[in-house]
Amino acid sequence: MEDQTRRNVLRAAAVTGAGMALPVGAAAAAEEQAPGRRHQPGCAPPRGPVRVGPDDPRYGHLVTRGAANRFRGRPETVYVAGSTEQVVSAVQEAARAGTRIAVRSGGHCFEDFVDHPDVQTVIDLSGMTQVCFDPVRHAFAVEAGATLGEVFRRLYLGWGVTVPAGYCPEVGAGGHVLGGGYGPLCRLLGLVADYLYAVEVVVVDRTGTARAVVATREPSDPNHDLWWAHTGGGGGNFGVVTRYWFRTTGTTRSTPPERLLPAPPATALTFRAEWAWQGMDRAAFTRMVDNHGRWAERHSGIDSDRAPVYSEFVLLRRAAGSHLMIGQIAAEPGTDERLLKDHLGAISAGVAGPSSLDKQRLPWLSAALRGPGDKVGDWHLKIKSAYLRRRFTDRQTAALYRHLTRKDTDVVGGSVSLNTYGGRVNAVAPAATAMAQRDAVLKLSYLASWKDQAEEPAHLAWIRACYRDLYADTGGVPVPGEVNDGAFINYPDTDLADPKWNTSGTPWQTLYYKGNYTRLQRVKGRWDPRGVFRHALSISKAD
């Protein structure tokens, strides 16, 4: 039983990596006919929006498909939409009735932004899954309900290209892109948002009228600010995203489709390593974590030759038995083995090496579709996040060790994941997109996971105390500065807006958006003037 519990904790920690994201938040266009609205000859248009209420047998699935599993909403109506027009219709009905709206694509939101007791209308985009080449905009169109796995599959098999999206193939594109979007190829290629050419958003104007709008990255586009807000502004803020278009900056209409986006490597060396807690004292733990941080500092430059290395180093509670690292090396055969050996060797310098190592070279698409591990829909989860501009201080590492080895709690499912970051992510200026954290070397996720509802208080107490103590020098939160650089909006954490846990005097908006928040407020005021789209961490209009 103990071994089974340990395996479950490792799986839960692994699967909550790069792929997790907010639910869909905003999007796109009705003035122009888009390829995604055309139907194959002989096929009827999709039904909808299908209205599902509590007495409908489909209701149970639709309201319980969120991954975090901590929250259960009871909306009056779930609209299952199959087209942009149907989203416009659903939003119009809800806006006219004055009901609170939330949107779900993949269902990987960690807070109750969708499953909230005040949410009366949920718009479900799981019926909008098309991925295609749009010759009108000369870009690849992706509907918001498509999973990342389907995005990878269709782009690669059709044109040999990809976007550097998340590790979990079941995450929906809708919310993932809105938070910036990162994954195993981000150090090599940048963020998904860096390839966003256009977005389609259903918005509600001052008169209460719902309509679809297309916004592009073209500076001359009068809707350009709406495009910018969707390159890291987070979900649930401006409207309902129905479709994205992607192509690399600098490409033109003369660029052939197979060169509009980057080609992934032919193969990926996937790996899973464990470092046993047995025999690891405080000195060894400190050395290992410091080694890892030094590697990140040395090899997170824009043109680093270690950019193909992506890993998530999950430091677990001693009760779990070992620490876990999962990752991929996107390099040529032979080079990938050398890079992996170098990475693991650097982390283990002066301490014991991994107690186990499993590695496998796979065709890239096979690796992308496999993801990091099992699904976690039956887990209760609480997540926190941070960016590091350099490695942990000695005080922070000591606090981390203390919380991973505490004996005054029975918590097993507690972890801190150190994800390699930087590289081409940092090649973009902080204000060029809404994603402001552009000089970090590590992205951190703090996770508590449990199955029995009765375990929630202990797990929440553990993760909150751990996070508070690691950032004790800055009021319990990662205030941007020399070491820390705020938090990641796609791992939303309402504690950051709670003065009980954030005593820094720094607003939660600064932690997520830094200097970009004022511009996001202006976008909010223009495109959602009635405040139709809101949640506990939503952007507010400028005063």
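Let me start with Cys186. In this predicted model, the cysteine sulfur closest to that of Cys186 belongs to Cys168, and the two are 16 Å apart, too far for a bond. The cut-off for a disulfide is 2.5 Å between the sulfur atoms. Searching the whole structure gives 0 disulfides. Cys186 is also buried, at 0% relative accessible area. Cys466 is buried too, and its relative accessible area is 0%.

Next, the sheet. Which strands form it, and in what order? It is an open sheet of 5 strands, ordered β5-β6-β9-β7-β8, with antiparallel pairing. At the edges are β5, residues 131-134, and β8, residues 210-216, each of which pairs on one side only. From one strand to the next, the twist averages 25°.

Cys132 has its bridge partner in β6, namely Ala141. Helix α4, residues 148-159, lies across these two strands, β5 and β6, and runs at about 45° to β5.

Another helix, α3, residues 84-97, packs on the sheet as well. Helix α3 touches β7 (196-204), β8 and β9 (240-246), and its direction makes about 35° with that of β7.

Last, the cores. The largest nonpolar core has 131 residues, and the members touching the most others are Val91, Phe246, Phe285, Phe392 and Tyr446. Take Phe392: leaving aside residues up to four places away in sequence, its contacts include Val289, Leu418, Tyr446 and Tyr471. There is also a second, separate core of 23 residues, with Ala68, Leu316, Leu381 and Met435 among them.

Methods: Residues numbered from 1 in each chain as written. Predicted model: local features only at pLDDT ≥ 70, side-chain atom pairs only at ≥ 80, totals over all residues. Heavy atoms only, no water. Core = buried A, V, L, I, M, F, W, Y, C linked by side-chain atoms within 4.5 Å. Buried < 20%, exposed > 50% of the residue type's maximum accessible area, 1.4 Å probe, protein only. Contact = heavy atoms within 4.5 Å. Pairing = 2+ DSSP bridges. Helix = DSSP H or I, 4+ residues; strand = E, 2+ residues; numbered from the N terminus. Axes fitted to C-alpha atoms, helices over the stretch in contact; angles between N-to-C directions.
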